[in-house]
Amino acid sequence: MNIDDLKSFALDVYWSSHHNADKLWKKIDPSLWDLTHNPWVILQTISKDKLEKILAEPDCHSDFEELLKAYREKAQVIPWFKKQYPKSPLSTVAYFCMEFMLSESLPIYSGGLGNVAGDQLKAASDLGVPVVGVGLLYQQGYFRQLIDKWGNQQAFYPYNDPGQLPIKPLRRADGEWLRLEVALPGWTIWLRAWEVKVGRVKLYLLDSNDPVNYPPHRGITSELYGGGTELRLKQELVLGIGGWRLLEALHIKPEVCHLNEGHAAFAVLERARCFMKESGLPFHTALTKTRAGNLFTTHTPVPAGFDRFPPDLIEQYLGVYAEKLLSISLHDLMALGRLNPGDAKEPFNMAYLAIRGSGAVNGVSKLHGKVSRQIFEPLFPRWPQEEVPIGYVTNGVHTPSWDSSESDKVWTDTCGKQRWHSPTECLEEEIRKVSDEKLWEMRNKERNTLVEYVRKRLCNQLAARGAPLEDIEKAKHIFDPSILTLGFARRFATYKRPNLLLHNPERLFQILTNPQRPVQLILAGKAHPADEPGQALIREWMRFITGRQHHHIAFLSDYDILLTEQMVQGVDVWINTPRRPMEACGTSGMKVLVNGGINLSELDGWWAEAYSPEVGWALGDGQEHHDEAAYDAFEANELYDLLEKKVIPEFYDRNNEGIPTAWIKRMRESMAQLTPQYSSNRSVREYTEKYYLPQAAAYQERNGMEVVQWQKELADNWDKLRFGTFKVETKGDRHEFEIQVYLDGLDPKAVKVQLYAEGSLVDMKLMKTFPDLHVYQASTASSRPTNDYTPRVIPFFHGVNVPLEERQILWQK
């Protein structure tokens, strides 16, 4: 057995979380594996002699051979992207994100954003989509949580020793460590580069903790989402500008740059600067060229969620960069991040910069796309809200990362080993063939495993906060693996309403402790250290738990990947209670699908489009409500009613074999309909076909100088445009429209003349041309009144996204 092969697996965060790998690492060092789930730490800790002895044992040897076989089989499979697009214009997508959730052995994540980023990298590996990730290596990452005996959240920041992480220094061809230079006011900082292997995909991380740096600058990459505004700006400069320079140093030339949230928006400036250097073109032309290949994904449901920086801070850190490297004024730079460029006091908005530097923008669910169009409507004055250029791709989760070993076996027996490596549309019918008995057996085993884990973790948690020995002893017997188990685990913030279940504590207590149909509840979640209201919600739950002294509820601290895995694999029902429409997407509920868990959720985010009565339960009416207190009370009662009248009876109503047939029917439909649809397999294929491929082609085809010349002609002539006579005639079942347009020298090919009605858009044809006067005609069905239609003129240039890149519009009055 080759130990070097084992080291390769340990350094690949994709394969280190494989089910067969889990068994192998546990056999090598059970206690260290349970504590860290870090294969690289295990290999660095164990002696070579001891490792060779363990690997020689038949069970270990068999597990390793199975793992090696799976690796070789995957390597031989031609991935989806290569088969589907053998002559693709897309060679590389650079995927920028502030955080990546890939493995507990690499704690550089906080929550949902990192979850999406990590799962998309893994799915890109499965599908062979040519993606490279770019992020930051944090010395401390996001905080770790301890709940003390008074219910207070304590925040800790353990150090991430790079030598114990599954990463390796990125080196040049001559063996020198690749280091990059970024100028800050009065100082130059050096950034060290690291490489993370994620199957076929590589993730590059930058780190400022270089001994040559000025001490405060070494701490730029200290904490994720820590520090103040200035530290956040420096982190985003390192990510965006440093990240693109890293790609340049590696001679990676992406056609597409995917900005996963606005934190990385400075990359659009550096990409334009590099193109300026290559082409000799000015900044505006370079940005016009390169933005065709930039994609901005927003995850934020409220305007306050975007990073904003004071003008003086932007001037301090980017003034010289703008004038010396971009050859533009500070005013022009600030205009890219402002709604009103003339307002000298308006902060610099990173989302605005991302929008003005991208060729496409998307939200992360259907509802969030609509919410985002509302948020960004002010950037596109006079345009109908439905035409604000924000699309959507609903998030998905990397199903193999979240399935239990029992679930994996059921899906493998039914759908095959390679089910997540190609289109998944056929899986729905296959999984419906699984018998009630097999699904119920799977569910019981998963719940039993979860109960064992809860007992062990709760004991450790109580010991860490100095609880009495009798409390620790009681924790060894908490929960019953045969009763209905609910789960709630989210970031504790007021808009997520984690205490909706606590609205009537007495009623909740009666639900949990019903002697005929008992229920148990597992809670987890962190509140940001600066979010006192969120921390107060945790204290409220802890008072309820400790005051009642019962064994039907547990709050597990330090919500991380390991806890997430256990919860989503073992709970019967996943509860989610955000205040609509504050949940951009939400992926936690997607993780339970593959394991047979069922969702009970507010009709918000992904559940607003996924829900149907046969796959789960819905909370709310799918509308927004302004009287929050009153509606919270209403929905709390609705939640209790759903549990008492529908969820709990369905779980406990059994046939003669002890199987809850109605429950299994709902569970099967949830697994069949939703698991493939809300997987990152689907979302990455959607990104590839909807954005990556078209944008790669658009970037390669675009001539920036031609587009800039067109924009100049529009700017010079737009105010001169006007409408002439407008005629409408109805003939039988058709309306015939004719409009005169005075273009005053503007090329008719530079615009489109359209008829607009809500929900309808008709391009008008140029029928006659006179000096400066053009006559356009169109015909529509007479089913709508003629006064529903309004003529308009909009810019047009092949390959340019209007109104994203050119927002002019003229309406006939």
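Biologist: How many disulfides does the structure hold?

Modeller: A disulfide is a covalent bond between the sulfur atoms of two cysteines. In this predicted model, the sulfur of Cys257, a buried residue with a relative accessible area of 0%, has its closest cysteine sulfur in Cys274, and because the two are 11 Å apart they are too far for a bond. For the structure the number of disulfides is zero.

Biologist: Is Cys459 buried or exposed?

Modeller: The relative accessible area of Cys459 is 10%. Because a residue under 20% counts as buried, the word for Cys459 is buried.

Biologist: What kind of aromatic pair do Trp606 and Trp607 form?

Modeller: A pair of aromatic rings is described by the distance of the centres and the angle of the planes. The structure holds 35 aromatic pairs, and in the one formed by Trp606 and Trp607 the centres are 5.2 Å apart, with 65° between the planes. Trp606 is buried at 2% relative accessible area, and Trp607 is buried at 0%. Because planes over 60 degrees apart count as edge-to-face, the pair of Trp606 and Trp607 is edge-to-face.

Biologist: How many residues apart are Trp710 and Phe797, which form a tilted aromatic pair?

Modeller: The rings of Trp710 and Phe797 lie 5.3 Å apart, centre to centre, with 45° between their planes. Trp710 is buried, with a relative accessible area of 4%, whereas Phe797 is partly exposed at 23%. The pair links distant parts of the chain, since Trp710 belongs to helix α30 and Phe797 to the loop between β27 and β28, and their separation is 87 residues.

Biologist: In which helix do Asp413 and Lys409 both lie?

Modeller: The side chains of Asp413 and Lys409 meet in a salt bridge, 3.1 Å from N to O. Asp413 is partly exposed, with a relative accessible area of 45%, while Lys409 counts as exposed at 53%. Asp413 and Lys409 are four residues apart, about one turn of the helix, and the helix in which both lie is α18.

Biologist: How far apart in sequence are the parts that the pair of Arg144 and Glu104 ties together?

Modeller: Among the 57 salt bridges of the structure is the one between Arg144 and Glu104, whose closest N and O atoms are 3.4 Å apart. Arg144 is partly exposed at 21% relative accessibility, whereas Glu104 is buried at 10%, and both belong to a network of salt bridges that also includes Arg457, Lys526, Asp558 and Asp560. Arg144 lies in strand β3 and Glu104 in the loop between β1 and α8, so the parts tied together are separated in sequence by 40 residues.

Terms used:
Residues numbered from 1 in each chain as written. Predicted model: local features only at pLDDT ≥ 70, side-chain atom pairs only at ≥ 80, totals over all residues. Heavy atoms only, no water. Disulfide = S-S within 2.5 Å. Buried < 20%, exposed > 50% of the residue type's maximum accessible area, 1.4 Å probe, protein only. Phe/Tyr/Trp six-rings, centres within 6.5 Å; stacked < 30°, edge-to-face > 60°. Helix = DSSP H or I, 4+ residues; strand = E, 2+ residues; numbered from the N terminus. Salt bridge = Lys/Arg side-chain N within 4 Å of Asp/Glu carboxyl O.
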